[in-house]
Amino acid sequence: MAGSRAERIDEPLRRVARLCAAMLFLLLAHVTVVQAFGSRELNADHRNVRPLIARFDHPRGDILTYEGTPIAASRPTGGGPYLYRRVYQDGELYAAVTGHMSLYRSTGIEQARDEVLSGEDPKVKVRSLVRGGVVEGADVRLTISERVQRAAFQELRTMGLPGAVVAVNPATGAILALATYPTYDPNTLTTFDARRLHETARLLRQDPSRPLLNRALNRLYPPGSTFKLVTAAAALASGEYTPTALVDAPVRLRLPGTPTVLQNAGGGGCGKQKPTLTDAFHVSCNTAFANIGLQLGQDLLRDQAEAFGFNAPNLTIPLVATASRYPLTMDRAQTALSAIGHHDSRVTPLMVAMLSAAVANNGTLMRPYLVEEVRLADGSVIDRAGPSVYRKAVSPALAKSLAAMMTMAPRTGKSAAATPKRAAAAVMSEVIPGTDDHALVTAFAPADAPEVAVGVVLEHPGARADAVTSIARAVIEAALR
C-alpha cells in the first residue's frame, strides 16, 4: 500500500522535474542565443547606456602629431557616469584628420583606429593588463607635420573659400598635411549633454558650407589641366610621342560628331600651329591635348589614368578615401574632352597630390598613409608604418621626362607658379570654365631631389584663382623649411 502511494507521489514529481529541466534548458539556450547573436543589437540600442559608460570609463590613447604633440587626449570629467572626456587641441586645425569621438559616434582617426585607442585591440589589451592590471589605450602617432599642416590650414582660412590641401612625401607616401575648409571644432561634439549634442550636430549637418565634409578625401572635382599630366604620360608611354615631338594645336577644334568647338584659354592659339609636346604642356594647350586624346583613344588614356590610381576602390590611409574616377566608356568627342580633364573625370585633392608624387618618385606611387606608429603608455612601439608601393604609374625614364616638362611649366591656365627657388618645379593649375569652376594645383619640390608633393583645390575662386599657387608655395616652403 505504501509502495503504491509512493509511486503515485513520485510520478508527478518526475513530471515537475522534467518540466523544470526543460524550462532550465530553454532558459540557458535563450541566454546563449542572446549572448552570441543578440549582444551587438542590445549594445547598439540607444536606450542601453552601459556600453556608453564603459566607453568612457578609462582614458583612450592620445593622437599625436609627427613631432609628438598630443592633439587628441582624454581628460577626467570629475564625476558622473562618464569618467573621461575627449579634448582636442587646435581642434579646427586637425579636425580633418582626428575627426571626433562623441557620445554616439566617432569619425576620422578616432574611428579608424578605435581598437588601439580604446585598448580593445588584443595586442594592446594583453600588454596593458600584464603591465598594470587595467586596460589602457595606446597612443597613435601620425605622419602629420605641425608646420606643414598649419601652413595649409591657415592659407585656406585666410582665403575664406571652400577647398582642401594635401601634402605627401613622395618617397614614402607619408601624408604631411591634410587640411580642409570650412571645418569645425571637434570639442563642440564631445559634450555628454545629449540634447545639446543633438542640436550641435544638427546645426553642423545643416550648415550649407558643409563643415563636416572632408573635402581632401571625399569631395570629387573635375581635374582640369592637372589631368594633362596623365595625358602626357599616356602619349609618351605609347611610343608615338617624345617631349620634342610636334603636335597639332589649332586655334579651334571641332569635336567629332558634334557642333561643339573647343578653344584654348582666352580663345587664342598656343604660340605655334605645331608646338612641341613640351611647349603644349607648358602653355596648357587644350586643342593640342584634345588632339592627342583623339589619337591615343579612350583605352590608352584609361589605362594610364588607372595606373595613377583612378577607379581604384578601397584606398584607406586608414581614413577611407573616395575613389577618383575616369569614365569607362566614351565616344570620340568625350574622349577628347577627358584628355584635358573635362567631361566626367573626377579627382579628390589627395589624387591631385598623388599625380605629382608619382612623377617625383621616379614613376612609383607609394601608398599614402597617415599613421606613423602605435605605442603603449610606457613608450614601447607595437606597430610602425612600413612604406609600400601602391602603383607603378610610369617607367623611371618616362617620369624623368615628365618631371622635366613640369619643371619647365611655370604657368598653365591663369595662375603663375611663383614658387621658392628650391621649389621651382612641377606646378600646374587651371580655372575650369563654366558655372562650377574650381582652381587646382599639383606640384612637387625641389626639382632635383623631391621632398614633398602637394595638391590644392579651391572651389569657385573667381578672380582669386591665382591663390592656389600661393597656397601651394606656402605649403612647400613649410615642408622644406
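So, T469 sits in helix α17, which covers residues 467-480. This is a predicted model, by the way, so every value I give is computed from it. Is T469 buried or exposed? Its relative accessibility is 6%, and the cut-off for buried is under 20%, so T469 counts as buried. As for distances, T469 and V456 are 13 residues apart along the chain, and their C-alpha atoms are separated by 8.2 Å.

Next stop, another helix residue. A399 belongs to helix α16, residues 396-407. With a relative accessible area of 1%, A399 is buried as well. What does A399 touch, if we skip residues up to four places away in sequence? The contacts are V359, N362, G363 and V394.

Now a helix pair. Helix α10, residues 228-238, and helix α12, residues 286-296, have axes that come within 10 Å and cross at roughly 50 degrees. That angle makes α10 oblique to α12. The crossing of α10 past α12 is left-handed. Who is in that contact? On the α10 side we have K228, T231, A232, A234, A235 and S238, and they meet N286, F289, I292 and L296 of α12. Sorted by class, that contact of α10 with α12 has six nonpolar residues, three polar and one charged.

Last topic, the strands. Keep an eye on strand β4, residues 139-142. In a regular strand, side chains alternate between the two faces of the sheet. For β4, D139 and R141 are on one side, V140 and L142 are on the other, and all of them are buried, so both faces of β4 are covered. Note that D139 and R141, buried here, count as charged.

Which strands does β4 pair with? One is strand β1, residues 63-64, in the parallel sense over two bridges. There, L64 stands opposite R141 of β4. Another is strand β12, residues 371-375, which pairs with β4 in the antiparallel sense over four bridges. In that pairing, R375 of β12 is the bridge partner of D139.

To put β4 together: it has a parallel pairing with β1, an antiparallel pairing with β12, and buried residues on both faces.

Terms used: Residues numbered from 1 in each chain as written. Predicted model: local features only at pLDDT ≥ 70, side-chain atom pairs only at ≥ 80, totals over all residues. Heavy atoms only, no water. Buried < 20%, exposed > 50% of the residue type's maximum accessible area, 1.4 Å probe, protein only. Pairing = 2+ DSSP bridges. Axes fitted to C-alpha atoms, helices over the stretch in contact; angles between N-to-C directions. Parallel < 35°, antiparallel > 145°, perpendicular 65-115°, else oblique. Left-handed = near helix turned anticlockwise from the far one by under 90°. Contact = heavy atoms within 4.5 Å.
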